[in-house]
Amino acid sequence: DALKVQVLDRTGLILDIFATHAHTHEGRIQVELAQYKYLLPRLRRQWLHLERQAGGGGASAGGVVGLRGPGETQLELDRRMIGHRIALLERQIEEVHRHREQYRERRRKNGVPIVALVGYTNAGKSTLLNALSGANVRAEDRLFATLDPTTRQIDLPGGQQVLLTDTVGFIQKLPTQLVAAFRATLEEIREADVLLHVLDITHKNAAQQTDTVLETLKELRAGERPIITVLNKVDMLEGVDESEVGRLAGELGLPDDYVAVSAQREWGLETLRKRIEDTLGERMAALEAFIPYRRNDLVALWHQHGVIDSEEYEADGTRVAGRIPRAIARQLAPFQVNEQR
């Protein structure tokens with residue numbers, strides 16, 4: 001009242017930022033649900049200017065003992081309305097969850113590997129997605145520019161196709177309301193075969209941001225996924241010296257097998273693609289199969305989603321050796337010649 005301005009706590013501010021960036025239907029309902037869950041226990045302070053209980057002076061004062069005043073009545077109405085709205089939004093969120101689960105089930109059957117971009121907000125995940133896939137998703141130098149997961153297909157050096165998914169940025173002590181509301185979105189991280197931890201190597205709080213991301217991944221039960229550490233924005237370092245990047249990585253206690261890139265200038269992307277391919281290869285089944293020509297669709301599937309080491313054409317079919325996602329390897333089991341692993 002004294003300052004004549006709106007006063008927000010940290011959670012309220014984060015929710016406010018999310019609300020301004022929610023442009024899709026899914027994003028809006030997730031943010032609205034989080035806002036209502038945040039507001040509900042705080043309603044009691046909204047009506048202090050009205051009487052809570054009428055007739056406090058008893059009959060001698062002209063009041064009626066026990067009659068509820070306008071403040072308490074309005075409070076109950078607001079609670080009831082918000083409760084109904086929360087129930088509706090939760091049903092809509094559950095519908096989103098079902099749709100995403102159906103979509104993920106189709107992806108599992110197709111055996112297409114999934115690579116998820118994770119990291120602190122404003123680390124450059126969306127810019128990296130654009131650089132790797134040639135997409136044109138929204139990428140801005142501001143907090144929480146991305147709320148909804150965006151998925152694009154990219155090709156790896158060996159010809160294998162994977163799905164690259166951008167996710168909402170993390171922040172220290174992410175409000176519990178947001179974790180609950182964005183459950184369907186954050187589940188994309190748990191489904192990924194490989195995580196790309198994108199870190200702004202130039203940020204003064206890079207160490208703290210790294211700890212926050214790794215801790216959040218543990219809370220999401222995704223900490224056991226293979227993680228490739230991607231040091232972004234190396235073009236902003238003075239001299240762009242490789243030894244300087246190594247020194248900073250050492251000070252932060254990062255893994256030695258990091259990949260240094262500049263998503264903005266598209267530096268280091270081929271090295272990153274090769275690292276993704278190698279990491280996925282470790283999770284594939286190595287096998288040799290003799291596939292009849294009538295099932296050339298399986299050969300095409302192998303080319304699209306796996307890695308082929310050798311391919312020989314014989315009279316009755318094609319002899320192929322290489323690596324393939326385990327989901328697709330099951331389809332090739334009837335034609336398997338010799339399992340190598």
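**Helix packing and selected residues**

Helices α4 and α9 are roughly perpendicular to each other, a label given to angles of 65 to 115 degrees, whereas angles under 35 degrees count as roughly parallel, those over 145 as roughly antiparallel and the rest as oblique. Helix α4 covers residues 125-133 and helix α9 residues 269-281, and the two pack at an angle of about 85° with their axes 11 Å apart. Axes here are lines fitted to C-alpha atoms, for helices over the stretch in contact, and angles run from 0 to 180 degrees between N-to-C directions. On the α4 side the contact is made by L128, A131 and L132, and on the α9 side by L269, L272 and R273, where contact means heavy atoms within 4.5 Å. Sorted by class, this contact has 5 nonpolar residues, no polar ones and 1 charged residue; Ala, Val, Leu, Ile, Met, Phe, Trp, Tyr, Cys and Pro count as nonpolar, Asp, Glu, Lys and Arg as charged, and the others, Gly among them, as polar.

The model is a predicted one, in which local features need pLDDT of at least 70 and side-chain atom pairs count only at pLDDT 80 or more, while totals for chains, interfaces and linings use all residues. Residues are numbered from 1 along each chain as its sequence is written, and side-chain values use heavy atoms, with hydrogens and water left out.

Helix α1, residues 10-21, has 12 residues and reaches 17 Å from its first C-alpha to its last, close to the 16 Å expected at 1.5 Å a residue. Helices (H or I, at least four residues) and strands (E, at least two) are DSSP runs numbered from the N terminus, and the expected span is 1.5 Å times one less than the number of residues. Within α1, T11, G12, I14, L15, F18 and H21 are buried, that is, under 20% relative accessible area, with exposed meaning over 50% and partly exposed in between (1.4 Å probe, protein chains only).

The C-alpha atoms of E101 and E188, 87 residues apart along the chain, are separated by 9.5 Å, while L88 and I29, 59 residues apart in sequence, are 9.8 Å apart from C-alpha to C-alpha.

In helix α7, residues 206-219, lies Q209, which counts as buried at 6% relative accessibility. Leaving aside residues up to four places away in sequence, Q209 touches Y120, L199 and H203.
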